[in-house]
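This report covers the nonpolar cores and the pockets of one model. The sequence and structure are shown first.

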Amino acid sequence: MTLARSSSLSELARLGFEELSETIPKLDELVSLVGDVGHAALAPISASSSPDRALAALIEIARLHKRELVKLLSNPQQASRLCAVLGASDGLADFIQRHPDSLDAFRSSPKISGHSLASSSRDELRIRYYQALLRIADFDLSSQTPLEIVPQVTRALSDLADGTIQAGIEVAKVELLGEGRLTEAALADLKFAVIAMGKTGARELNYLSDVDVIYVASGKLDNYLDTATKLATRLAKVLDEPSKEPGIWQLDPNLRPEGKQGALVRSLEGHRGYYEKWAEPWEFQALLKARFVAGDEILGTNYIQTIKPLIWSQPNRSAIVESARHLRKRVLDMIPPEEREVEIKLGRGGLRDVEFTAQLLQLVHGVTDESLRVMDTFSALDALADAGLLSRTDRDAFRRNYAFLRAVEHRVQLSKLRRTHLFPKDPSQQRRIARSLALSQTELIERYSSVRGETASLHDSVFYRPLLQATASLSPDEVVLSSDQIQQRLTAIGFRDAKGATQHIEALTQGVSRRAVIQRTLLPVLIRWMAEGTDPDRALLTFRRLSEELGETHWFLRMLRDSSGAAERLMNVLSNSAFIARVLESIPDSSQWFGDEETLKPQSLEQISEELDSLIERNGEGAHEAVRAVRRREYLRVAIGAVLGASSLQEISAGLTDITDAHLKAMLEIAKLRTQVDVDLGIVAMGRLGGRELGFGSDADCMLVYRGDTDQSEAANKLSQELLVLVKDSILEFELDLGLRPEGKNGPRVRSISGYQGYYERWAETWEFQALLRARMVCGSTELVQEFVELINRYRYPLELTPKQLLEIRRIKARVESERLPQGADPQRHFKLGRGSLSDIEWLIQLKQLQHVGQHPEVGEVGTLPALESLVAVGVIPKDDAERLREAWLLTSRCRSALVLAIDKQLDSLPTDRRALEAMARILEYEPGSAAELEEHYLGVTRRARQVFERLFLE
């Protein structure tokens, strides 16, 4: 029974054969050629990456070299190795057919190094090269872990290239001497060295690629460079010029100084002069992989020792990052559109993304960290992870993906022994590669796609870090944190306590922990960003405290290192805002917001209320501390967004108002649980809280009202007393200000609806009705809210304002200006009571509301700016005047909040202290040194608003 008859077509398909109709006669032919050992050949053939190609190659070898083949097929292990090579590489199969003695490679264990390449001719050299290449491919293809051995394979291929170039030099000399083109004297005088670049230099060469080289020479004779040029030119021909045996690979000297236009060979001095004066940043990037590989060892070593250190002292270091990014973009743009998804090497998410990522980090951070000055990509990734510049997770992903892509590239190139980096579109070729990697075709395609997607994402996250550009722009002195001059440098850039700052730096960076390693990398840039703010000393102290609290978490230092802009945002805030620096220390986990600006947008009232309701449901009357914590956290969120410009004034005011509303409602619920009092109590927001225009440091003006009989007053008082205690917060100051209630501080803390009605009917003054214009119910039953709003609407929205009431409003406004302004306060600079500031604008708008709401109900808006817009719409206030009022109200409100954020104190005047004024300006997004500009702008805007006030208030 023949081999073919024992195998059905379906069985052959299962084994991996594709040309089924041709397979049976081919199997029969193999048996007829080699005899009984052919029966056992089916197993190793079907285990190869392409059974069809392995079978065809075996038949061709059997026809020419039957005896040698029978010996190999008799040994199952050797047969498997041979079939693995024949199935994966048509090029090596052709070589074996031409040189049957190469079959000896399979009779001993795979040998991937130490090959003798000494040759007397170029053809002999090429045969020896391909014999060595066959052994490396044998080792590679017979491995059970092809991805894990990628570094071994690339090193072996690189070492083979080294030996080939060295042997090629000797062959070139023999040819030149034999042709009389060079003399013995010229060659004896010449010292010639080959410097490998790119993958060869890094010892990560693939199977088929140009070998990048640079030539350097020295000699005593005047024409030594001519001699070296002839030798270099002939060397390239020895290795690749058409001959009886196919060429090996091209030597590519285009990375030399001036590229194709530059001299092919230069002296060491010539190279140094070029790199010191003319080299572009990308040329220093290329030098990362420079390595002496052949020729005169002393000269080659001198070249490396002289030229490579220039990488770290190049004059225009700030251009490194932009140059690398530009170069990467240029490479991507040059890929033909139809090849972008299949370009394993240059395409997005391909090999080059991994290599460029590692190289850029090396170039930027290798100035001070010599451990990063390694050449191959795998070692670079490990060194970067050890230095804290890559997370271990990212390092592992880069390594895993790089190994996979290199293995795929190797299989693609082995197929025809051709220089290509394109993932095949042909299904048969895809299956061939997949089987050689122990994958199905579908698995290969899916993994190729996922690897590229993950690599592209990782590349972007690292390659475009703001930290890279900032670090590259540092001077060498700024990068070093341990020199004797550190205190002078800190003083020079704005630290007031340089000694204390130095102690903080030492505490952050000492030791060998991963946290210390990462912080040594981060701090030079962080210090510069701190110094760009107004109080770098505070920023450094707070950063140290945050690091001590969060440094061992999985996300904090990684966020600062990897997240786009997170570190700069954090340093900006810590240096410019004393308020945030203090509160952030009590809520350190909130630092994660700096990694995503979207998280800095204020939470909605519904979101906050839902969280607080859940806390009360879980913790009952003991939920008050958790509720306070939520208020602090959300205030901090809004504060950070305000300082970073992530939120507008309207968003900030609405956010702070929603936080306060939710906080008050929650605390009222807790007060009811703690007192066991069931009274329908409502909170009436007044002032800026009522108008939904809170700023940082604004008072929480309120009134308290209950619905029910007067005999419930005692219970209502008990409940309100508990509420006042609960809402207080020592960390983020808060208390209810009930000063706007009837009779002020002398009146009862809480009244019934009927009590309010009686007061407003008999005793209330016009200014109290005016204050009700910004009254808004925060909570209470539907009935309470409806009844109380109906009550106050009768007084705050009069049909007309009597002359007596108008006179009273003007008289009280004059008293406020003369009596309530603090002693010594400058009326031009006071935010609340100053000329053209909040009081002027709000009193004017409220007066116009009281005068016209009877005829125009739509002007009865609760907020200041909405009321102003409605007054413009009905023609009460001219549009130009309204714009001046609006500008002044917004600027004053922003300044008032900015001052609180900057100095963490409640002050109501534009400061005269230049440091405080500068801190305000920075939070208001002025350029550094703009304190005077802010002052001038404020005084001008409020002066113009005052003119409008004086004219319209007295109409």
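## Cores and pockets

Leaving aside residues up to four places away in sequence, Leu570 touches Phe543, Leu546, Phe556, Leu560, Leu584 and Phe594 (contact: heavy atoms within 4.5 Å). The model is predicted: local features need pLDDT of at least 70, side-chain atom pairs count only at pLDDT 80 or more, and totals for chains, interfaces and linings use all residues. Numbering runs from 1 along each chain as its sequence is written, and side-chain values use heavy atoms, without hydrogens and water.

Leu570 is also one of the residues touching the most other members of the 150-residue largest nonpolar core, with Phe543, Phe556, Phe696 and Leu736. Helix H43 (residues 879–903) contributes the most to this core, twelve residues. A separate second core has 87 residues, including Leu86, Ala172, Ala228 and Ala294. A core joins buried (under 20% relative accessible area, 1.4 Å probe, protein chains only) Ala, Val, Leu, Ile, Met, Phe, Trp, Tyr and Cys through side-chain atoms within 4.5 Å.

Pockets are open sets of points on a 1 Å grid where a 1.4 Å probe fits, with protein on both sides within 12 Å along at least five of seven lines; lining residues have an atom within 4 Å of a point.

| Largest | about 1,200 Å³ | 33 residues |

Closest to the centre of the largest pocket are Leu255, Val331, Lys345, Leu346 and Arg352. Its lining has 13 nonpolar, eight polar and twelve charged residues.

Technical notes. Buried < 20%, exposed > 50% of the residue type's maximum accessible area, 1.4 Å probe, protein only. Helix = DSSP H or I, 4+ residues; strand = E, 2+ residues; numbered from the N terminus. Points joined across faces, edges and corners; volume = space filled by probe spheres on them. Nonpolar A, V, L, I, M, F, W, Y, C, P; charged D, E, K, R; others polar.
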